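Subject: A structure for you to look at

Hi,

Here is the structure I promised to pass on to you. Have a look at it first, and then read my notes below with the viewer open.

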Amino acid sequence: MDKVRFGHSIVPYLFLLPQMAVVAVFFYLPAGEAVRSSFFLEDPFGFSSTFVGLDNYADVLSSTEYRRVAIFTVWFTVLVALFALAIALLLAVKADTVLRGAKTYRTLLMWVYAIAPPVAGLLGILLFDQHVGPFVDIASWFGWNLRIGVNYYDTAFAMIATAVWYQVAVNFIFFLSGLQSIPRAVREAALIDCRSGLRRFFTVTLPLLTPTAFFLLVINVTYALFDTFGLIDLMTKNEPGNNPVTLVYKVFLDGFRGNDLGGSSAQSVILMIVVFALTLVQFRFMERRVHYA
Amino acid sequence: MARLHIDQVSKIYTGTQRAVDAVSIDVDDGEFLVLVGPSGCGKSTLLRMIAGLEAITEGAITIGERVVNDLDPAARDIAMVFQNYALYPHMKVYDNMAYGLRNRGIARDEIDRRVREAATTLELGPLLERKPRELSGGQRQRVAMGRAIVRNPAAFLFDEPLSNLDAKLRSHMRVEIKHLQRSLGITSVYVTHDQLEAMTLADKLVVMNAGKVEQIGAPLDVYERPASTFVASFIGAPAMNLIPFSALGDDGRLGLRDATVATIGFRPQDIIEVANDNEDGDGLSLRFVVDAVEPVGSESYLHGKVGAERVVVRIDGRAPHREGDRIGIAVPSERLHAFDADGRRLEGWRTPDAVGDAGTAMRKTRAT
Amino acid sequence: MSNAVSAARPLAPVTRRPTFKWGPVFDHAILIAGSAFMLVPVYLAFMTSTHDAVTVHTGGVQALPGGSLVDNYATVMFDGLGFSGAVNGTTMMLNSLILGLGFAVGKIVLSMMAAYAIVYFRFPLAEFAFWAIFVTLLLPLEVRILPSYEIVQSMGLINTYTGLIVPLVASATGTFFFRQFFKSVPDELIEAARIDGAGPLKFFLDILLPLSRTMIAAIFIIMFVYGWNQYLWPTLITTNEDYFTLVRGIKQIIQVWVGSQIPEYGQAMALAVLAMLPPVIVVVVFQSWFIKGLTESDK
């Protein structure tokens, strides 16, 4: 149904103006500039730039370094999303089941949402620090010489663990609210129809939770791709060198440190396409979700 | 106080679909007009066009002496009571009633006087400082009424205002609305899909179907002389029995003069039970097979069939009948309604002779 | 019959003890483990922040309180940090507050106005405006960071609060949220208001704004936390230490840390605790609003 609306007047234009102005200057202008400069090669001194067509893209996509970062990004994204979702789902289901202390648990499990990713990264550094970190000690009990900042895979492990820790909170909030919105009557019907709690979970609860889960999957992928920037920046201690980084971090590195404007822009555009595709999937899905309700 | 004049008004949404189709209605000063019809018949759209919430595609609406087609809702001097009351949830009852007056720049003490007066009338006095969420459904309904009253408008518009109340409260509020409208004497247009509400409230009833007016008249006139099969089946509960003329197996006793009769109608309470062999009598007599008995206390309804046609019969008190019983039923001729193939009411469809002497004529034949 | 039965075993239902169930115990065990998983890192960081650098350097991360709490926090709050020593924790906290509040207020004002125009008016550019604003949901700041930086630089907004805050406002999350909320406001309310003689501005101020109070509060909390926690943009835009936020200051800590013999673990963790404390307090105190805002904005 269409909303009842006011007719013609100047009011809507005045109301839209501020947002449109900000969006035009700080969104469309830079986004357009990113696309434009991805087709140009700027000389190192910034005096001139030449149109090079898709050369920047070809360079980026054929670079082994880029491919290495892309592969790490995929692994990073998959592992972070998987563990953060699984842990959060388990905790949300339990927090939804218990009768006593539900509110306390909710608070204890969600508050990490308020911490900034780089602060989470700093905690990660402390706990995985070679000299003082307790996790290094724990790892050594199992004969694992954990050396972050030195060993590529050890650093990757610490990053993923910290990113998962941070992301569990937001997933928990959404899963719990998704569980709580399952109508009481449906739960009670399931309780009568099915004795096994585990079976009930997989045949009734989980299917009803899929909309939330799918929404969260997209959120988690976006998080792992973009929002972990601060965490990665901190955990590589500003010394990317041999450390694992993600694609977004590489855009930043090549653009600001490497002064490779064209290459960085081409990488930006490639990421834009990825996000665009992700969002389309999300929108399509959200449309379908309306029919669930 | 004002007359309301609706002249050839139509509402056309996209394309050619007419939600309201060339409707003309006159509402006299102080008259209570009820628009009734099934959902989607265009009654609400018509009301919203009067209110100015929908644009008028064709025709003109006049309130008092002014054509209001191009006026803003606020400039039309009307007040409206909405189905969900549309109370401002963040305002106290007092402010809900005062808001429209403040927007008109009426003096503070005048607003206060009017709000308190309306609150007294509606027994809302103790509730003035409450928020809508602290009120019961009936109380909210009253606040919505109060918001309309304080405006002292030329016309009240009601959009199914009772449909969210439970049955008991609804009949109570019905009486209250009627009483209030009488004492204030304000011209009112009331939309409902409930025929009982329509019958009891209306001075003038308008039955609508598919965007068109089916019939306009006093409630009992509409009930007694429905203008179409649609009105016949919509007004009155249980609905009028409508039987194709061809299914009656006419033996001539109806004294048919008009060959265009396609449907015969009769109300369940106009049916009398007759002994099986009694084929005497003026009017219609039929054989009825009982399918189900519905006792409602003071009366009972027999659901069953005449031939292949479904018929409902009303019986006083308890019905001794059982499922499967076959009984004879009869309807006096003056209680029969006839409609043509288009469902329009026919008048004078029987021969004057049949109307007067059918009974005696038949008895004579038999004796011979 | 039923009397006979209950007479035969009158106390049967009463004396039967409920069987002990292991399920809830197991549930609580998992939840306690989960809570510990979330709490322990921050607990350790806080404990470490109460020790001096040497203790941490020799003894590792500390699990019990130490004696340097006041020292460490006082140093972080009032003494200079960073290269020039020009900025201290108090300044950074003030800057964080300005960023968090400025971002939240700016976002709410802009997005509420835009959403009102889009939802409640029929005008030729409505469709265009809708899409122009909603496309911004597709591209996070991170992917257009370099040109954004250059534009802000060319406008001379480096090291200004305007340059810090306004570009962050250029996304549609708030607009999207308010649009959803406005659409859920019953139509009858606007109709009643029109009959009561309220025009577009009056309706917005008298009806819609008060109705949105809870929503505004919820969005405010989310946006404040989001603004406070910004890292990449402040890192680029503020090179002058007077404009550093707490989260931005974390990066400075790391740079000093990398170069030093005995890093000031205690002070670093004190800064981290200060950086997380305000948003954590806000989120925990206004938990129900915050969750409502967060989970309803996705619909």
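**Where chain A meets chain C**

Let's start with two helices from two chains: L123(A), L126(A) and L127(A) in α5(A) meet P41(C), V42(C), L44(C), A45(C) and T48(C) in α3(C). Sorted by class, the residues of this contact are 7 nonpolar, 1 polar and no charged. Before we go further, please keep in mind that this is a predicted model.

How are the two helices arranged?

Chain C brings 82 residues to it and chain A brings 75 residues. On the side of chain C that touches chain A, α3(C) gives the most, with 14 residues. That side of chain C is made up of 59 nonpolar, 14 polar and 9 charged residues.

**Where chain C meets chain B**

Chain C also touches chain B: here 14 residues of chain C are in contact with 17 residues of chain B. Which helices of chain C each supply at least two residues to this side? They are α11 (187-195) and α12 (200-211). Of the elements of chain C, α11(C) gives the most to the side that touches chain B, with 6 residues. By class, this side of chain C has 8 nonpolar, 1 polar and 5 charged residues.

**Chain C as a whole**

Chain C contains 17 helices and 0 strands. It has 299 residues, and 47% of them are buried. If you take the contacts in chain C with a separation of 6 or more, 72% of them are between residues 24 or more positions apart.

The UniProt record (an unreviewed entry) places the feature "transmembrane region" at residues 25-46, 97-121, 128-146, 158-182, 203-226 and 268-291 of chain C. Residues 203-226 of chain C are 96% helix and 0% strand, with the end C-alpha atoms 30 Å apart. Residues 268-291 of chain C are 96% helix and 0% strand, and here the end C-alpha atoms lie 31 Å apart.

In the model, residues 105-128 of chain A are 71% helix and 0% strand, and the end C-alpha atoms are 27 Å apart. Residues 156-179 of chain A are 100% helix and 0% strand, with 33 Å between the end C-alpha atoms.

Next, try to find A266(A), which sits in helix α12 (residues 261-292) of chain A. Is A266(A) buried or exposed? The cut-off for buried is 20 or more other C-beta atoms within 10 Å; A266(A) has 27 within that distance, so it is buried. Leaving out residues up to four places away in sequence, A266(A) touches S38(A), N56(A), Y57(A) and V60(A). For a sense of distance, A266(A) and N145(A) are 121 residues apart in sequence and 39 Å apart in space, C-alpha to C-alpha.

**Chain B**

Chain B has 9 helices and 19 strands. Its C-alpha trace spans about 90 × 45 × 35 Å along the principal axes. Of its 368 residues, 38% count as buried. Among contacts in chain B between residues at least 6 apart in sequence, those joining residues at least 24 apart make up 66%.

Helix α2 (residues 93-103) and helix α3 (residues 108-121) of chain B pack at an angle of about 135 degrees, with their axes 10 Å apart. The two helices, α2(B) and α3(B), are therefore oblique to each other, and their crossing is right-handed. From α2(B), the contact uses Y94(B), M97(B), A98(B), L101(B) and R102(B), while α3(B) brings I111(B), R114(B), V115(B) and A118(B). These residues divide into 7 nonpolar, no polar and 2 charged.

Enjoy exploring!

Best wishes

Terms used:
Residues numbered from 1 in each chain as written. Chains lettered and ligands numbered in written order. Predicted model: local features only at pLDDT ≥ 70, side-chain atom pairs only at ≥ 80, totals over all residues. Contact = placed C-beta atoms within 7 Å. Helix = DSSP H or I, 4+ residues; strand = E, 2+ residues; numbered from the N terminus. Nonpolar A, V, L, I, M, F, W, Y, C, P; charged D, E, K, R; others polar. Axes fitted to C-alpha atoms, helices over the stretch in contact; angles between N-to-C directions. Parallel < 35°, antiparallel > 145°, perpendicular 65-115°, else oblique. Left-handed = near helix turned anticlockwise from the far one by under 90°. Buried ≥ 20, exposed ≤ 12 C-beta atoms within 10 Å, placed from the backbone. UniProt positions renumbered as here; feature names shortened; annotations may be inferred.
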